[in-house]
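Me: I would like to go through a model with you, one topic at a time. Please keep the answers plain.

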Amino acid sequence: MDVIRPTEALIIVDVQNDFLPGGALAVDEGDQVVAQINRLLPLFAHVVYTRDWHPADHVSFADPPEYRDGSWPAHCVQGTTGAGFPRELKITDRALLVNKGTDPGVETYSGFRSSAVDMAAWLRERHVDRLYVTGLATDYCVQATALDGLAAGFDVMLVEDCVRGVAPDTTRSALEEMRRAGVGSTTAAAISMAVAVAVATGAETEPPLEGEG
Ligand code: VGL
Ligand code: ZN
């Protein structure tokens, strides 16, 4: 039995330089999700990277910013280093890249609401039935993407040690709202442990491919 089935997808939300320490809209410990996500990545047949991809005049940019919904410092402006993925993040090509927040007048936290890509359709074409959601930030884009995933009919698991939030109070209520809506939860540590056990007990042994040996 596979610990992660071929119909499960890893969703990596907005792991971008501007959301990491030193970035324009830094999330506390945002950098700490990268190694954990890298560890999960090889287990998944399908991966989605969402990316905040704003024009320079995006409606959410405020000066001075209040660091809450609707009032952010300029961040993740298309083509800038801040909008890029950190060098340490593994990029696989069995993946979909979803740009969002590209319309100057519209805030889009959820990858499912990108005006550029139909993420739900891409997942359904691959017979995906469950999403493991990781990334930044728990209280905005992670929450919105997880809840829209449920609404689109997917099982959704939050990978708790692979997410970080902007602020403690909004992060607490986001976790509570997701739980109440039916988002499950796990950790990269638990998944890795289950994989190790499966390998040790031989459960992961595949029959030899036809024509081999
Ligand atoms: C996000 C605030 C503004 C996020 C994006 O990725 O959670 N938060 N834009
Ligand atoms: Zn944004």
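Me: Which glycine takes a positive phi just after H5?
Reply: Glycine 202 does, with a phi of about 80°. Helices (H or I, at least four residues) and strands (E, at least two) are DSSP runs, numbered from the N terminus. This is a predicted model, in which local features need pLDDT of at least 70 and side-chain atom pairs count only at pLDDT 80 or more, while totals for chains, interfaces and linings use all residues. Residues are numbered from 1 along each chain as its sequence is written, and chains are lettered from A and ligands numbered from 1 in the order in which they are written.

Me: What span should H5 have at 1.5 Å a residue?
Reply: The 13 residues of H5 (residues 188-200) should span 18 Å, and its end C-alpha atoms are 18 Å apart, so the two values agree. The expected span is 1.5 Å times one less than the number of residues.

Me: And how far does H4 reach from its first C-alpha to its last?
Reply: H4 (residues 168-181) has 14 residues and reaches 20 Å, close to the 20 Å expected. Glycine 182 follows H4, and its phi is positive, near 110°.

Me: Which residues of H4 are buried?
Reply: Thr171, Ala174, Leu175 and Met178 are buried in H4. They cover an arc of only 100° around the axis, which puts them on the same side of H4. The arc is that of the directions from the helix axis to the C-beta atoms. A residue is buried if 20 or more other C-beta atoms lie within 10 Å of its own, exposed if 12 or fewer, and partly exposed in between, with C-beta atoms placed from the backbone.

Me: What covers that buried side, and what is on the face turned away from it?
Reply: The cover over the buried residues of H4 includes H3 and strand S5 (155-164). The face turned away carries the exposed residues Asp169, Glu176 and Arg180.

Me: What do the buried residues of H1 pack against?
Reply: They pack against S1, S4, S5 and H5. The buried residues of H1 are Val33, Val34, Gln36, Ile37 and Leu40.

Me: Changing topic: which residues surround ligand 1?
Reply: Asp14, Asp52, Ser60, Trp72, Leu136, Ala137, Tyr140 and Cys141 surround ligand 1. A residue is near a molecule if its C-beta atom, placed from the backbone, lies within 6 Å of it. The shell divides into 5 nonpolar, 1 polar and 2 charged residues. Here Ala, Val, Leu, Ile, Met, Phe, Trp, Tyr, Cys and Pro count as nonpolar, Asp, Glu, Lys and Arg as charged, and the others, Gly among them, as polar.

Me: What is the phi of aspartate 14?
Reply: Aspartate 14 has a positive phi of about 50° although it is not a glycine. Most residues other than glycine have a negative phi, and most peptide bonds are trans. Aspartate 14 lies in the loop between strand S1 (8-13) and helix H1 (32-40), and it is buried because 30 other C-beta atoms are within 10 Å.

Me: Where are the cis peptide bonds?
Reply: One runs from leucine 136 to alanine 137, with omega near -10°. Alanine 137 is in the loop between strand S4 (130-136) and helix H3 (138-151). Another runs from aspartate 63 to proline 64, with omega near 5°. Proline 64 is found in the loop between strand S2 (46-52) and S3.

Me: Which members of the largest nonpolar core touch the most other members?
Reply: Of its 50 residues, Ala9, Ile11, Ile12, Val133 and Leu136 do. Such a core is a set of buried Ala, Val, Leu, Ile, Met, Phe, Trp, Tyr and Cys residues joined through C-beta atoms within 7 Å.

Me: Is glycine 101 buried or exposed?
Reply: Glycine 101 is buried, with 26 other C-beta atoms within 10 Å. It lies in the loop between strand S3 (95-100) and helix H2 (119-125). Leaving aside neighbours within four places in sequence, glycine 101 is in contact (C-beta atoms, placed from the backbone, within 7 Å) with Asp52, Trp53, His54, His58, Glu107 and Thr108.

Terms used: Two residues are in contact if their C-beta atoms, placed from the backbone, lie within 7 Å.
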